[in-house]
Amino acid sequence: MKSLALVIFGITSNLAQIKLIPVLYDMAEKDLLPENISVIGIARREMSKDEFQKYFHEVLNTENIHHKHPIKEDVFRKLCRRINYLSGNIDDPNFYPKLKEFLGNSNNRIYYLATYPELYHHIFENLQKNQMNKSPKGWVRLMIEKPIGNDLKSAQNLNQLLLNYFNEDQIYRLDHYLGKETLQNILTFRFANDIFEPLINKDYIDHIQITASEDFGIGRRGGYYDQVGALKDVGQNHQLQMLAFATMNAPSQFTNKAITHERIQILKNLIPLPDKVVYGQYEGYTKEKNVNPDSRTDTFYALKTYIESERFEDVPIYIRAGKKLKQTATEISIVFKKPVNKLFKKMPESSDEPNILIYRIQPNEGIVFKILTKIPGHKIMLEPEYMQYCYRLDPHTHYIPDPYERLIVDTINGDQTFFNDAREIEAQWTFIDPLFAEREKPRIYKVGSWGPKEADELLEADGRSWLEPSTEFCRI
Ligand SMILES: NC(=O)c1ccc[n+]([C@@H]2O[C@H](COP(=O)([O-])OP(=O)(O)OC[C@H]3O[C@@H](n4cnc5c(N)ncnc54)[C@H](OP(=O)(O)O)[C@@H]3O)[C@@H](O)[C@H]2O)c1
């Protein structure tokens, strides 16, 4: 069996602490770590092997939202047999021969970049200089986090830089939303069940809404967030991917090439409407730690767009995301046209509520149909109810892998289906850039609200309103 080295540049990073280290533990617990894997963490500080293991132990036992279950000491010891540490400066060319020696003759290698983008070029150049960007007896893969650039130009530059040192099939660009079970299941729901797909078009759909709301603020991420804002932090990547999954055409095969091709078709055909974007900022944001007191960064945005295609012609798509809003929820709602059936027209008002297909990404994960049903009893009265498929209620699907776990396993297996390719990222920025170029000063909104009133007016102008994410379905 070939040996595998997983090299994590930035093992002391926030990302490593909240995601990668907990996921490595989970993989050890579930026997998902290949027999022959060796994990090599890199950062500047000096740490002995014992100190490194202690660091892992501390991270795993720190209370944080991503890793709630208790650590089993026997699993931890199993993990310890796999982990090693090498201290060094990533921008120092003298570090790389040491790394090469440390890696010995491992056949396969994954380099995970959990460090600052400004350091990437040092890593690429030096890996190449030391013939470490390929392996004669195996493969080399690179895992790189979002953001890929800050606009189209910088994304193109980074993609070009990557391609100077690696082939596209070596590059695994992560958007962890693509690793979410609930997002991946949209493809199965749509393309394994023939009955729904004929309805997903302009003849039946009134409009589509995508919401990613959080009831908390930026926490300690002020320095990063203030440079980016809501539209670029989650809109450019996670939410456009959600839209692509919900609207893409059926791929010809269930392969990376075919699925990525269809996602790109959606992203390339999105119509930017700069005058249909509302930016917001929560009250008190400029007093947050590491935020510019005069900041005009958006902590909320809402936009309207269309997909230029025959299938979705004139179907409006409304997308919003924000922090310190009323509720935490991420979902896609496909709102169907109101029923034309006159049979129940004389019933109470609720009888002409539209059907809604909801893909709930979090919380209360599930796929849900809002339908009209008869209230049990002697009279014919209708009420909306949910037909639901819920992940957490079904014992067979109870285990939902962390997206990072899934994406690391996919990288080990060489499956790029749920990673972004260069063209996909560039299509996303091509849509976002014109929206951002004409960005207005954000409207201040109250903490615990649904954002500025202008976001409501965006839909009211079309005779519609935002759907409040329901807490009624898939409750445990
Ligand atoms: N944090 C998140 O929630 C999150 C989410 C999505 C994506 N990302 C992406 O993940 C990456 C890491 O972000 P982060 O916020 O987690 O970073 P971070 O906490 O600031 O950590 C940076 C890491 O790089 C190491 N480092 C910095 N300069 C170095 C040098 N010259 N030589 C060796 N090591 C060096 C640091 O180690 P020492 O200082 O100990 O040397 C540390 O381990 C970024 O690309 C970010 O965009 C992060």
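Tutor: Before we count anything, helices are DSSP runs of H or I with at least four residues, strands are runs of E with at least two, and both are numbered from the N terminus. Please also keep in mind that this is a predicted model.

Student: How many helices and strands are there in the protein chain?

Tutor: With those runs in mind, we can go along the protein chain and take each kind in turn. The count comes to 13 helices and 16 strands.

Student: Why is the protein chain described as being as compact as a globular protein of its length?

Tutor: The C-alpha atoms fill a box of roughly 80 × 50 × 45 Å along the principal axes. For 476 residues the globule rule gives 23 Å, and the chain is called as compact as a globular protein of that length because its radius of gyration is close to that value, at 24 Å.

Student: Which residues are closest to the ligand?

Tutor: The ligand is surrounded by 20 residues, and by class this shell holds nine nonpolar, six polar and five charged residues. The closest of them are G10, S13, L15, R44 and T115.

Student: How are helix α6 and helix α12 oriented towards each other?

Tutor: The axes of α6, residues 152-165, and α12, residues 422-437, come within 9 Å and cross at roughly 165°. Angles over 145 degrees count as roughly antiparallel, and therefore α6 and α12 are roughly antiparallel.

Student: Which residues of α6 make the contact with α12?

Tutor: The crossing of these two helices is left-handed. From α12 the contact takes A422, I425, E426, W429, T430 and D433, and by class the whole contact has five nonpolar, three polar and two charged residues. On the side of α6, the contact is made by L152, A155, Q156 and N159.

Student: What is the handedness of the crossing in which α9 passes α10?

Tutor: Helix α9 spans residues 230-247 and helix α10 spans residues 256-268, and their axes come within 9 Å and cross at roughly 115°. The two helices are therefore roughly perpendicular to each other. The crossing of α9 and α10 is right-handed.

Student: How many charged residues are there in the contact of α1 with α2?

Tutor: Helix α1, residues 14-29, packs against helix α2, residues 49-61, at about 105°, with the axes 10 Å apart. The contact is formed by Q17, I21, P22 and Y25 of α1 together with F56, V59 and L60 of α2. Divided by class, these residues are six nonpolar and one polar, and the number of charged residues is no charged at all.

Technical notes
Residues are numbered from 1 along each chain as its sequence is written. This is a predicted model: local features need pLDDT of at least 70, side-chain atom pairs count only at pLDDT 80 or more; totals for chains, interfaces and linings use all residues. Axes are lines fitted to C-alpha atoms, for helices over the stretch in contact, and angles run from 0 to 180 degrees between N-to-C directions. Angles under 35 degrees count as roughly parallel, over 145 as roughly antiparallel, 65 to 115 as roughly perpendicular and the rest as oblique. A crossing is left-handed if the near helix is turned anticlockwise from the far one by less than a right angle, and right-handed if clockwise. Two residues are in contact if their C-beta atoms, placed from the backbone, lie within 7 Å. Ala, Val, Leu, Ile, Met, Phe, Trp, Tyr, Cys and Pro count as nonpolar, Asp, Glu, Lys and Arg as charged, and the others, Gly among them, as polar. A residue is near a molecule or strand if its C-beta atom, placed from the backbone, lies within 6 Å of it. The radius of gyration is taken over C-alpha atoms; the globule rule is 2.2 Å times the number of residues to the power 0.38.
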